[in-house]
Amino acid sequence: YSSAVQKFSQTLQSFQFDFIGDTLTDDEINIAESFKEFAELLHEVELERSMMVQNASDLLIKPLENFRKEQIGFTKERKKKFEKDGEKFYSMLDRHLHLSSKKKESQLQEADLQVDKERHNFFESSLEYVYQIQEVQESKKFSIVEPVLAFLHSLFTYNNLTVELTQDFLPYKQQLQLSLQNTRNHFSSTREELEDLKKRMKEAPLTCKLPGQPTIEGYLYTQEKWALGISWVKYYCQYEKEAKTLRMTPIDQKPGAKQGTLDLTLKSCVRRKTDSIDKRFCFDIETNERSGTITLQALSEANRRLWMEAMDGKEPIYHSPITKQEEMELNEVGFKFVRKCINAVETKGITTEGVYRTVGSNIQVQKLLNAFFDPKCPGDVDLQSGDWDIKTITSSLKFYLRNLSEPVMTYKLHKELVLAAKSENLDYRLGAIHALVYKLPDKNREMLELLIQHLVNVCEHSRENLMSPSNMGVIFGPTLMRAQEDTVAAMMNIKFQNIVVEILIEHFGKIYSGPPEDTTAPPVPPPRVAARRHKPITISKRPLRERPVFFGASVEESGAERLGQTPNGSGVEAPRPLQRSRPPEPRALARPDTDGSRMAVPRLQDGGAKPAGRAANGVLSSPALRTATLQARRAAPRPGIGGREGDCDGVPKPRSHGDKPVIMRPPMRPPDPPCRTPVPSKLEQRPDLIAGTAEEMPSSV
């Protein structure tokens, strides 16, 4: 599992996102860097896990193996020696008992000396064997429990560090979720525009407009009047918008005809009324070179719209219930309509959840617009009445703004606004947009201020309506700004249009407090040379934690190790861990000491050395956890010391529900005489008396 996670971490580290476009938004930068952050987290978690596994070997398995080899193995050798000396002693004793009393006194004395010598060796072996058994039985109480305790310490340290990583991860997770949501909103907005563009392209497959260029070219039919009637001649036409020049190259030239390429300068372009000619898709142009009008026929209705748009004709770009040209401009009726819509929304719908995001009925929207822009009585509609719901009003406002002949923020400034939003320097973004706002025509700036002030008021109620400046940017970006050409490249800049509107909302007070000192935008900083003012969100740039020291030979040695070696192997002082609030420390296990007071376990080494301090997670990391000697002797406790305060006559009081049990250590008994075989005590025969439950030991023990 750990190997798989490490491989996954390496995959995330090497993964590269590919983005369409020349510039990334701040949210996209956060998303692009997220996998590297995930990889760092996974690597750190697996590093801690490998440390825990290593601790399992160093702190648990090896000490137990050493105890088995050194203590139990040595005891087995003592047992063999004891059995060998015993067999030798008893065999010699048998031979000695069979000696004849008639032997010489010197021989008998020599035999007695040999028996005494073997008896002494046998007693010495038995004492050493019994002592070794006693030593193993006593030392295993701490020599076996202590490694398990140390391993549990390392295990819980690992779990505690994962909790700390989780605490570090939560703020990053919230910020990344916000970036993901913003990017999802931009995607939804762009997808709607692209689907609309795709639909229009399907309806007009012979689109001649070049991407991003003001030139349009393609086939047109020209009406030519002859003496015997009217004919339609096919031309390949190329129009340069800036110079207003139209080049017409005839396609079907008759043999001997002198007609060649015509270069004309355009004066005006007017859509031809359908009832005035028997051909479809026609429009009239006037030129400086020819008197009268020239009637041209496009290949389709969509193709005619493109030609008229390029020639600044009067044909509307989109179908709209508002049919008159003067009603498509920012005139008094339009301002009145916008103010009435804003009034209605702020009066009865500003706290509506999803206001401006929720779409109204198309039928109701067209009904409202037709009624308001009725030429007979324009503006004679009461939006405060119950006839119009909030969804219809907000959708009508968006529809009106979107179908203006020119967007509120104008085609002329569109490119500059998008370039400002693409800048990495946040100060430049704000300064450039501030300056460009005051380059708008007066009516456009007045309308923009009216709308942005309203959006600021709506966003102030975001707790109720759930509409943040980012959400409003997604909705009003394509409404207040749009590119003059319908291309996929222009659609990919919609997310930056959204950012422009978001900046206008967030910095409304500064932008509309007055024009900047210098109305020209500051120069664009070189891309990706200076450091970003807006750093990507990150969690990996954190100081390394101190690793807790579990065991050591001495306090000084463990302190020197901590200062001389950092977790990454460098010989500098380890950085201090992050200061976090930690849960209250668990109540220390207690035992009764000789004076009746409770002392924390484990006990300090001989001499009362001070503890080495606390590790990064607040757990005691004293090297004194390991007992220095196997021969620690304590004075026997006074009778009755096992009772707690308040217990009378050896009868324990009942423990409350929240009170934790206290582990009590049984009183030590005096060592056995050297030649006596150890006999199990009552405590060893009654293990239930040692349990840390509500029952306390009777004072008679």
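A residue counts as buried when its relative accessible area is under 20%. With that cut-off in hand, let us walk through a few places in this predicted model.

**Leu397**

Leu397 sits in helix α8, which spans residues 390-402. Its relative accessibility is 1%, so Leu397 counts as buried. Setting aside neighbours within four places in sequence, Leu397 is in contact with Phe337, Val338, Cys341, Tyr356 and Leu451.

**Ser179 and Asp85**

Ser179 belongs to helix α4, residues 145-203, while Asp85 belongs to helix α2, residues 26-97. Ser179 has a relative accessibility of 3% and therefore counts as buried. Asp85, at 15%, also falls under the cut-off and so counts as buried.

What does Ser179 contact, once neighbours within four places in sequence are left aside? The partners are Asp27, Asn30 and Ile31. The side chains of Ser179 and Asp27 make a polar contact of 3.1 Å. If you trace the chain from one to the other, they are 152 residues apart, but their C-alpha atoms are separated by 4.7 Å.

For Asp85, not counting residues up to four places away in sequence, the residues touched are Asn121, Phe122 and Ser125. With Ser125 there is a side-chain polar contact of 2.2 Å.

| Residue | Partner | Side-chain polar contact |
|---|---|---|
| Ser179 | Asp27 | 3.1 Å |
| Asp85 | Ser125 | 2.2 Å |

**Helices α9 and α10**

Finally, let us look at a pair of helices. Two packed helices are described by the angle between their axes and by the distance between those axes. Helix α9 covers residues 414-422 and helix α10 covers residues 426-437; they pack at an angle of about 165 degrees, with axes 8 Å apart. Angles over 145 degrees count as roughly antiparallel, and α9 and α10 are therefore roughly antiparallel to each other. The crossing of α9 past α10 is left-handed.

Which residues bring α9 and α10 together? On the α9 side they are Glu416, Leu417, Ala420 and Ala421, and these meet Tyr428, Arg429, Ala432, Ile433 and Leu436 of α10.

Conventions
Residues are numbered from 1 along each chain as its sequence is written. This is a predicted model: local features need pLDDT of at least 70, side-chain atom pairs count only at pLDDT 80 or more; totals for chains, interfaces and linings use all residues. Side-chain values use heavy atoms; hydrogens and water are left out. Helices (H or I, at least four residues) and strands (E, at least two) are DSSP runs, numbered from the N terminus. Buried means under 20% relative accessible area, exposed over 50%, partly exposed in between (1.4 Å probe, protein chains only). Contact means heavy atoms within 4.5 Å. A polar contact is a pair of N or O atoms within 3.5 Å; within protein, one must be able to donate a hydrogen and the other to accept it, and residues adjacent in sequence count only if both atoms are side-chain atoms. Axes are lines fitted to C-alpha atoms, for helices over the stretch in contact, and angles run from 0 to 180 degrees between N-to-C directions. Angles under 35 degrees count as roughly parallel, over 145 as roughly antiparallel, 65 to 115 as roughly perpendicular and the rest as oblique. A crossing is left-handed if the near helix is turned anticlockwise from the far one by less than a right angle, and right-handed if clockwise.
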